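Please open the model in a viewer and keep the selection tool at hand.

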Amino acid sequence: MSIIPFKPRHEMACERNLQDFINRARNDLTIYEDDGGFGSLCWYVKYKSGQRGAISFTQFESTRGKGDGDPFEQPFLNFARAYVREEQSIKENAPVPLMRALKAVHFALLEVHGKGDILLLDSPSIRVAAEAIEARLGSAARYATGLRLMKLYKWLKDNRICLKHSDWKSPWKKQKEKASGTSSEAKQWQKERLLSSHEIGALADAFSLAETPYQKYYTSLTALLMNAPSRGGELHFLTTDCLYETTAIQKEINSETGKVEEREVTVLNLRWKAAKGGGIIPKPVHPKLEKVVREAVHRLIEIGRPARAAASWAIKYPDKFYRHENCITPSNHGEDEALNYAEICAALGLTVSERCLPESYNLDDISRVMSRPKWFESLRKDKNIIAYRDFAKHTMQTYKEKFPEWPNLAEISRPVSEALCIIRDCELHIEFQPKGYSWIIPNVNQLNKALGARSKYPKLVNESIFFQLGLLNEDSSHINITSHQIRVWLSTMAERGEMDSLDLAMYAGRTRIEDNRHYDLRSSEERETAARQIMNTPLNKGLMAIESVRVNVPVTFEMLGNKDRVGTAQPTGWGMCEHDWTMAPCTKAGDCVTCKDHACIKGLPKTMERLKELENAQQHEFDRADEAASSGVYGADSWRVFQGKRLAVIRTVIRIMENDEVPDGTIIRIPTELDPTQTQVALIEKGMKTETSADYPTDQNLIETTQNELLSLLGGGR
């Protein structure tokens, strides 16, 4: 007698939940349906740059990169498809960590239970999966895969699909940042990562020596990357009108008068689309790089002109084949008229073989000579002739999918035909002629190949532009550079030049200031020197404040001479505000320079220029009040005195700052005599005394100078 094993209710519920989940993903979710859906073993993530990432439902490979993994076993295969669809429908991400996690779980289930069934997942399976990851992956990959496994195990419990396993925490920690590491391994990595002066010089030499289209194209891309810290993938979004000019006011000190003067200058900018949420930003071009950047853009426009024509045609006439210069049919040849072998070869950019007559219309013979490519076999299926319209269909299927938001470039809503870096397929190939009907944008991997990323392989060294131009390292080895190293080098140079952290982040297209540290490859000695400059501040309190502003740290009240007060002062543009905002709001309505709670510091960056601007604006206001008072306008005389007093104070502060005998770091405050409170004003109006006196020589000097300035303005000193 056969006995049916007892199955607990919760196990039956898990089975139902799993089947419901798979059915929902199969029938209701549509992502990757174009790739075959549940009938395919490989789906593709399409990135905005046009590149694709494969999602292969296969087991671990025998050797990394060999691609010989067998398909997942059922029923794990359908679960994996459903889970990937669910996760990627919520937010489509790079699939590598997710697929590694699923491969590890499948491997563990086979090892422990001999069957690929997610319902059998238990603690022994989880342990084996972790061991497989430990043995097969590097530290960085283990960390990312571990996070995915934690999420998967928790999801299985939360959705009551599998309840046998206990909670699991990934044992792999996030790698320490190599950019700021101090170990010998980290230091060696930093040294190799940061480009040397010789390598930077080689990039410049390559641009100057470039002769072939291949060399000119990739050296031009490099020149654009050298303008500002940028990602190689961002070149995809540049358009032919990416260069534009703006005007800016440049302040210079006149060598003859010693005064700060403004001069209008023209600034060349690159209209740049920053990845990772950076948006479209202007990247100013350094005057010394302007000629190089203009030449680089010109080269790219010329090299890509045929590809833009083909893309423009495809946008306007998607069902008609682009008759490029190599087509040999008459101009009146119809879209649906048959093409012979010679005409097909001319249209597709192929060499005519002697094994087939040029006048032949026999598709079997033509396909045989072409080695029966799959796309051609699919195109001629159930047909007796091949026409231009068939090639138009093939063109759209092949090249349209390289641009996810066709006919526009992703995120910038500009036509693909306006892309700066667009070229024809095989445009830069050594042997094959360009496909006149095509349009592509090379990816970052191809750019890195041209920069020597594969020069360590003897058979591939000829792809390097440096090898082609005879440029080598100082030790005669091959130059090997990546586009990311250029970004790191520029960021490091900006750090060495003490560029403001916010400016650097914006310039590099980063959305977080703290990401700057990942690109800072200064040596530990350089970092220590910079830290000492912050810590070993001068004894002069004003100089301490100046140094704090220079290194972008807050200015404390103690630096401004208030030893008993805790907190930081607020910058105003002309100095530092010391007002106690917890007691009362600002009573001066932003009139900082004439306020006794404001401290001007001689030597503070940009203070003098801003005071000069304020003086000019205040002079204009005083002139208006003076003119109105002279005309007898009621109340204008009071405004004349008020504006005159304000102008006198500003001029006095400027005069003290311009005095060579006053050292940098001197803190200049407005004495109470020049800024009485409302209570003091009321007492004075009643003829009562108030206790105000100038305690310091600087205060007394400021009072006397201000009074003289005011008398001069009002006519009393003439």
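Select Tyr32 first: at 7% relative accessibility, Tyr32 counts as buried (under 20% relative accessible area; exposed means over 50%, and partly exposed lies in between, with a 1.4 Å probe and protein chains only). Tyr32 belongs to the loop between helix 1 (9-27) and strand 1 (42-46); helices (H or I, at least four residues) and strands (E, at least two) are DSSP runs, numbered from the N terminus. Although Tyr32 is not a glycine, its phi is positive, at about 70°. Most residues other than glycine have a negative phi, and most peptide bonds are trans.

This is a predicted model, in which local features need pLDDT of at least 70 and side-chain atom pairs count only at pLDDT 80 or more, while totals for chains, interfaces and linings use all residues. Residues are numbered from 1 along each chain as its sequence is written, and side-chain values use heavy atoms, with hydrogens and water left out.

Next, select Arg52 together with Tyr44. The charged end of Arg52 sits over the ring of Tyr44, 3.9 Å from its centre; the criterion is NZ of Lys or CZ of Arg within 6 Å of the ring centre and within 35 degrees of the ring normal. A further case is Arg136, which lies over the face of Phe107 at 5.5 Å from the ring centre.

Move to Gln74 and Pro75. The peptide bond from Gln74 to Pro75 is cis, with omega near 10°. Pro75 is in the loop between strand 2 (52-56) and helix 2 (76-90).

Now turn to the aromatic residues. How many aromatic pairs does the structure hold? There are 25 aromatic pairs, where rings of Phe, Tyr and Trp (its six-membered ring) pair if their centres lie within 6.5 Å, and planes under 30 degrees apart count as stacked, over 60 as edge-to-face and the rest as tilted. One of these joins Trp375 and Phe376 edge-to-face, at 5.7 Å centre to centre and 90° between the planes. Trp375 is partly exposed, with a relative accessible area of 29%, whereas Phe376 is buried at 0%.

Select Phe321, Tyr388, Phe391, Tyr399, Phe403, Trp406, Tyr437 and Trp439, which form one aromatic cluster. Pro407 lies in the loop between helix 14 (388-399) and helix 15 (444-450). Glu411 is likewise placed in the loop between helix 14 and helix 15. Glu411 is not a glycine, yet has a positive phi of about 75°; at 37% relative accessibility, Glu411 counts as partly exposed.

Continue to Leu502, Met506 and Ile513. These form a nonpolar patch on the surface, with about 280 Å² of accessible area together. Such patches are made of residues with over 30% relative accessible area and no salt bridge, with like charges joined within 9 Å and nonpolar side chains (Val, Leu, Ile, Met, Phe, Trp, Tyr) within 5 Å. A salt bridge is a side-chain nitrogen of Lys or Arg within 4 Å of a carboxyl oxygen of Asp or Glu, and accessible areas come from the Shrake-Rupley method with a 1.4 Å probe, only the protein chains shown counting as cover for residues. Met506 is in helix 18 (residues 501-508) and counts as exposed, at 52% relative accessibility.

Finally, display the open sheet of four strands, with the order 6-7-8-9 and antiparallel pairing; two strands pair if DSSP finds at least two bridges between them. Its edge strands are strand 6 (570-571) and strand 9 (667-669), each pairing on one side only. Strand 8 (residues 598-601) and strand 9 run antiparallel and are joined by three bridges. Select Cys600 to see Ile668 of strand 9 standing opposite.
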